[in-house]
Amino acid sequence: MTEENNLITIVKSLTGIELSPENDHLITKRLIALKQYFKIDKLSETEVKKILSDPTAQRVAISLVTNNETAFYRDILPFKFLLEILENNHMKANILSLPASTGQEPYSIAMTICENDLKHKLNRIDAMDIDESALEHSIKNGYFKFDLQRGLSEEQISKNFVLNGNKYFPIESLLEKINFKALNILSAGLNRSEYDITFLRNLLIYFDNTDKQKAVDNVVLSLKEDGVLILGNGERINHISMKEMFWNGLRYYIKESP
Ligand SMILES: C[S@@+](CC[C@H](N)C(=O)[O-])C[C@H]1O[C@@H](n2cnc3c(N)ncnc32)[C@H](O)[C@@H]1O
């Protein structure tokens with residue numbers, strides 16, 4: 001096996017993500033990162049086995065091979081729709097952001113709720129991702145100003161983040177609404193019938209059909225009846241329990257009774 005194939009194998013077994021051999025630029029980048037971190041000359045099959053058998057090495061490898069690209073209020077429409085749902089329903093919603101990456105999505109959900117005086121409509125936000133270091137990022141490392149400027153106004157920055165050194169950290173009242181938890185969407189780690197609204201954006205595209213189905217099944221099980229599922233821009237699913245709907249051009253799904 002070539003090193004490139006070993007990299008594809010390790011990414012698939014850790015995360016489920018399918019890297020296509022044509023994606024050689026990304027594969028080379030990930031390969032260099034892994035070899036540098038683990039101080040190895042070659043990503044041999046023995047090294048792959050070593051990493052896969054050590055939970056600490058696995059956590060590091062996951063953070064080195066995942067793509068954490070995200071932004072505050074990414075694609076904006078889902079957050080306007082969230083507002084519409086909360087304003088028009090008598091709910092204390094449980095909301096899931098999976099994958100939450102470095103926090104921009106769950107913070108955008110929390111800010112949408114706070115800015116519109118809808119705290120009484122929220123029970124909690126669960127923010128999950130397979131990459132623990134991504135989940136810890138906003139609290140441990142903070143954001144640079146330019147990270148915040150990807151989606152936030154100056155007013156939103158000064159209201160919701162505090163400057164410490166040259167990094168910005170979320171304020172306590174924002175943090176207290178969000179529970180961060182590491183989770184592989186392909187595992188059976190989600191509780192049944194837990195969530196009213198789930199953001200599942202920009203992850204399914206990286207899976208093959210079998211893993212996509214598994215991920216969607218897990219998320220659908222964790223939704224309450226009439227629960228709402230919001231996918232990434234251009235993403236679609238086909239699931240027996242989920243009805244496709246549209247709001248102002250945004251495709252979303254509602255969980256129907258069995
Ligand atoms: C491109 S980001 C999307 C973040 C956010 N939802 C958004 O749309 O901006 C993809 C995230 O999926 C996470 N991820 C990859 N495989 C995963 C898995 N099997 N289970 C849960 N999260 C996973 C990565 O760690 C990464 O943070």
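Tutor: Strand 1 is mostly covered, with 5 of its 5 residues buried. A strand here is a DSSP run of E with at least two residues, a helix is a run of H or I with at least four, and both are numbered from the N terminus. Buried means that 20 or more other C-beta atoms lie within 10 Å of the residue's own, exposed means 12 or fewer, and partly exposed is in between, with C-beta atoms placed from the backbone. This is a predicted model, in which local features need pLDDT of at least 70 and side-chain atom pairs count only at pLDDT 80 or more, while totals for chains, interfaces and linings use all residues. Residues are numbered from 1 along each chain as its sequence is written.

Ala93, Ile95 and Ser97 point one way from strand 1, Asn94 and Leu96 point the other way, and all of them are buried. Isoleucine 95 has isoleucine 125 as its bridge partner in strand 2.

Both strands belong to an open sheet of 7 strands with the order 5-2-1-6-7-9-8 and mixed pairing. Its edges are strand 5 (178-182) and strand 8, each of which pairs on one side only. On average, neighbouring strands of the sheet are turned by 25 degrees against each other, direction ignored. Axes are lines fitted to C-alpha atoms, for helices over the stretch in contact, and angles run from 0 to 180 degrees between N-to-C directions.

At the strand 8 end of the order, the pairing is antiparallel: 6 bridges join strand 8 (residues 242-247) to strand 9. In that pair, methionine 242 has lysine 255 of strand 9 as its bridge partner, and lysine 243 stands opposite isoleucine 254. The hairpin of strand 8 and strand 9 has 2 residues between the strands, and asparagine 248 takes a positive phi near 50 degrees in it. Strand 9 (residues 250-255) also pairs with strand 7 (residues 223-231), in the antiparallel sense over 3 bridges. There, valine 228 stands opposite isoleucine 254 of strand 9.

Helix 5 (residues 77-87) lies across strand 1 (93-97), strand 6 (195-200), strand 7, strand 8 and strand 9, and runs at about 45 degrees to strand 9. Helix 6 packs on the sheet and touches strand 1, strand 2 (122-129), strand 5 and strand 6, its direction making about 165 degrees with that of strand 2. Contact is counted between two residues whose C-beta atoms, placed from the backbone, lie within 7 Å. Glutamate 115 lies in helix 6 (residues 104-115) and is partly exposed because 13 other C-beta atoms lie within 10 Å.

The loop between strand 1 and helix 6 holds proline 99. The peptide bond from leucine 98 to proline 99 is cis, with omega near 5 degrees. Proline 99 is also among the closest residues to the ligand, together with Thr66, Thr70, Ser101 and Asp131, in a shell of 23 residues. The shell has 7 nonpolar, 10 polar and 6 charged residues. Ala, Val, Leu, Ile, Met, Phe, Trp, Tyr, Cys and Pro count as nonpolar, Asp, Glu, Lys and Arg as charged, and the others, Gly among them, as polar.

The ligand lies between domain 1 (3-65) and domain 2 (77-255), because both give residues to its shell; the bounds come from an automatic or database domain assignment. The domain centres, taken over C-alpha atoms, are 28 Å apart. Domain 1 puts 7 residues into the contact and domain 2 puts in 10 residues. On the side of domain 1 that touches domain 2, helix 4 (residues 55-65) gives the largest share, 3 residues. That side has 2 nonpolar, 3 polar and 2 charged residues.

Definitions and conventions
Near = placed C-beta within 6 Å. Pairing = 2+ DSSP bridges.
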